[in-house]
Structures are given as C-alpha cells and as structure tokens.
Amino acid sequence: WQQHGEKNKLLELSLANARSYAHQQKAKWMKEEIIPKESLENLAEVLKLGKPPKRIECYDISHFGGTGTVASMVVLGNGQPQNSEYRRFKLRTIPHGKPDDYASMREVLTRRLKYLSKPAFTLQKATKKHFEEIKKIIEEEERENLDPDNLTQESFACFMKNKKIAGFIRKEERAPLSCELRSLWIDPDHRKKQLGHQLMYRFIEKNKTVKKWYVYIKESLQKYYEEFGFTEVKAIPDYFEERIKTADKANGDHGILLMLETKKLLEQHRKFAIKPDLIILDGGKGQLNIGIEVLKELDLDIRICALAKQEEEIFVPNQKESIKLPKDSKTLHLVQHVRDESHRFAVSYSNLTHNKTLITSELHDLPGLGDLTKKKLLKHFGSLTGIKNATMDELARVAGKKTAIMLKQQLQANQK
C-alpha cells in the first residue's frame, strides 16, 4: 500500500517524528543516572590517560537515506552532560546523496578543533617592501590587480613566518563600524594547518571597533568563506550597492555578498577554546585514523579513541588489537552512554533537516527555479503553503512576473 503526493509526505514526516521521539527516550540516563567517579577513574586507567578526563567530547555522523549529512558533538564535564555546549553541524563538503562517513568525520573534527590550533606567527602592518610581493601573489591568484602606489600600511596586515609572507588581509572601510575584506590570502602550504582561520581571528580581534565585516566574492568561494563564519546577506546595505555594481561590471559576472559579525566570531572562539581531555568517535579503526590525521594536521596533542557498535570494541592509537571490556563493565557503560547520546543528538538533527526537506521538496523539484529565488520565496511567504496561497501579484513582487506565472502553473499542475 502506498500513498502519493501530500499524504505520502505527511506519512514520512510522522515516521520521522516517531523515530526522533524514540531516540530521545534513550537520553533519559542523562537526567536520571549519575556517572560514578570510579567510572572516570577506570576509563583513565583503561585508556592510559594518566588522570580522569574532566572534559569528554563525543562525535557522531548521521544522514537520512544518504542525504542531508549532519554531525553532533556532545560534551561531558566531570561525568555530567553539558547540554549548553552540545553542537550540531550541517556538513558542507559532502555531496547530496553521496554519504561518506570518513570525509564527514574529517570535516566536523577540523571545524571544531581548528579553534585550538595556535600556530606561531606575527601579525603586522605591511610595509612598502612587501607591496611588490603582495601584488605578485594577487596577480598569480587571479585576484584583482592592485597598484603598489595605492597600497598603504593601513590597508594590509601581514602574517609573517621566517621573514616570508605566508598570508595577508586587506580591508577597506565601507561605513561607520563596517569594513570590507578586499583580500584574504594564505599560502597553500599553510592552509591545512588553519593559519587562515587564526589570522582572521587575530585580525578581527585587533579591530574590535568594527562590528560587521563584508566580503563580495564569486559564489564558488562561498563555502571557503563560510568556514570563517561568513553568511549570505539577505538585505544589501545601501552603501554597498555602488561597490557591487562596479565589481560586477569589472568581472562581467554577478557575485555574492557575505557578512560576519565580530561579536559572533569572538564568542565562537571563546566557546571552542576549551581543550577536551578525551575525544570519543562513534566508529571503528577508520574513524579513529581520520581523527589521528586531523590532530596531526592541526598539531594538537589530545587523547582519542573510537567505539565500534558491532562488538562494542574500543580502538586506541598505536594499538592493533581493540580493547574489549566485560559487558557489565561500568567503564564500558560510560563510553556507550556518551556514544548513544551523541547518536541520539545527531539523529534528531538529521530528522529535523529531513523534515524541512520534505516540507519544501515540491518547491525544490520545480524546474527553472534557482536557489536564490527559492530562498526569497520561502523567506517572504514563510512556507510552501504560503507560496501556494499567494496571488500572482504577490509572487511577481518577490520573484518577477515571468517566474510567478511559471510557478503558479507548476503548482496548479501538481495539485491535479
């Protein structure tokens, strides 16, 4: 028996909600059970940590039928859940419909742990002797051509390593308390070590009086800048309109405006500046190896292990054989508890994102409708139902007359 159309979507939505509720019930231990101090001490002994871990972070990956991959981070502090420090991640590098647990784990660990990577560097204003080198770099990277005579010490900050420029930022004031990043470059050899992330943080920290940072870029660079905390601007400020027109004319293409709030970036750094004593990964040797690689790339010394579901084995670095604890071991129960909580948190987020996809799937399936137009329609009308109930004139004001006619025809055809 199979229902079609709206009824089928409602059925899927109900099933997803039921699954989410069932997983939530597994979390009762977080409220009802106290993690014994002895369990933490035994865990330290089993994993050879030296002392009981004060902060434990556990990560899990979840997706819905191969789509909408997400990740979770749950935190235990002295054996107790720190719910306010839980985090969810919508993964950016995983292609739709092509789940990859290893690539997903690499992305989420890098996005969280990069805040702990603190490479040694000097942040300073550029001097005239740097300008020719900076201009050459920009031209090689096919960025905007700059006249060295127009470069000033105020417009650049350099990241120096061994007297060599390994990165730089150029800013330009756009309005009181608002600046634009006109250049952001990191030497390719240093990108994996998150030097760009640290450079951006240090630079913005030194410019705290600036409340908002903008960058106008090609859409292909959006994911790169999102890694620093930039998000797409919905309403373009008046003082940026002329700048955008000039840039579009010069490039012969339309770009995208992103914005980052100083307060938000500094707060994120503050929250993620706490170093965990132990990282637990949901998975086996493969996930553990990914974790080890990320820690090595970021030059971090953090103890890590992985718990495989099938046999409930614990895998640790530099040890071929897994650790198998007795089924009634309180230490095993501790690791299982935090793993299950991480799984529950990931699954609940996966279901939430899937539900949103179900609600808007009809809109996404319509041919000839771009992503930007879909976002505008959903933002203006609030839901698919709101779009369906809108008049032709209302749709035209948001999406244009031609698109409104096509959209109305398609929605009416789907209802038959």
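Is Trp213 buried or exposed? With a relative accessible area of 0%, Trp213 is buried (under 20% relative accessible area, with exposed meaning over 50% and partly exposed in between, for a 1.4 Å probe and protein chains only). The model is predicted, so local features were required to have pLDDT of at least 70 and side-chain atom pairs pLDDT 80 or more, while totals for chains, interfaces and linings use all residues. Residues are numbered from 1 along each chain as its sequence is written, and side-chain values rest on heavy atoms, with hydrogens and water left out.

A search of the whole structure for aromatic pairs returned 13. Rings of Phe, Tyr and Trp (its six-membered ring) pair if their centres lie within 6.5 Å; planes under 30 degrees apart are stacked, over 60 edge-to-face, and the rest tilted. Trp213 and Phe203 form a tilted pair, because their planes meet at 55°, with ring centres 5.6 Å apart. This pair links distant parts of the chain, 10 residues apart: Phe203 belongs to helix α7 (residues 195-206) and Trp213 to strand β9 (residues 212-217). Helices (H or I, at least four residues) and strands (E, at least two) are DSSP runs numbered from the N terminus. Phe203 is buried too, at 6%.

Tyr224 and Tyr225 make an edge-to-face pair, 5.3 Å centre to centre with 90° between the planes. Tyr224 is partly exposed at 28% relative accessibility, whereas Tyr225 is buried at 5%. Elsewhere, ring pairs join Phe131, Phe156, Phe168 and Trp185 into a cluster.

Charges also sit over rings (NZ of Lys or CZ of Arg within 6 Å of the ring centre and within 35 degrees of the ring normal). Arg112 lies over the face of Phe272, 4.8 Å from the ring centre, and the charged end of Arg174 is placed over the ring of Phe240, at 5.7 Å from its centre.
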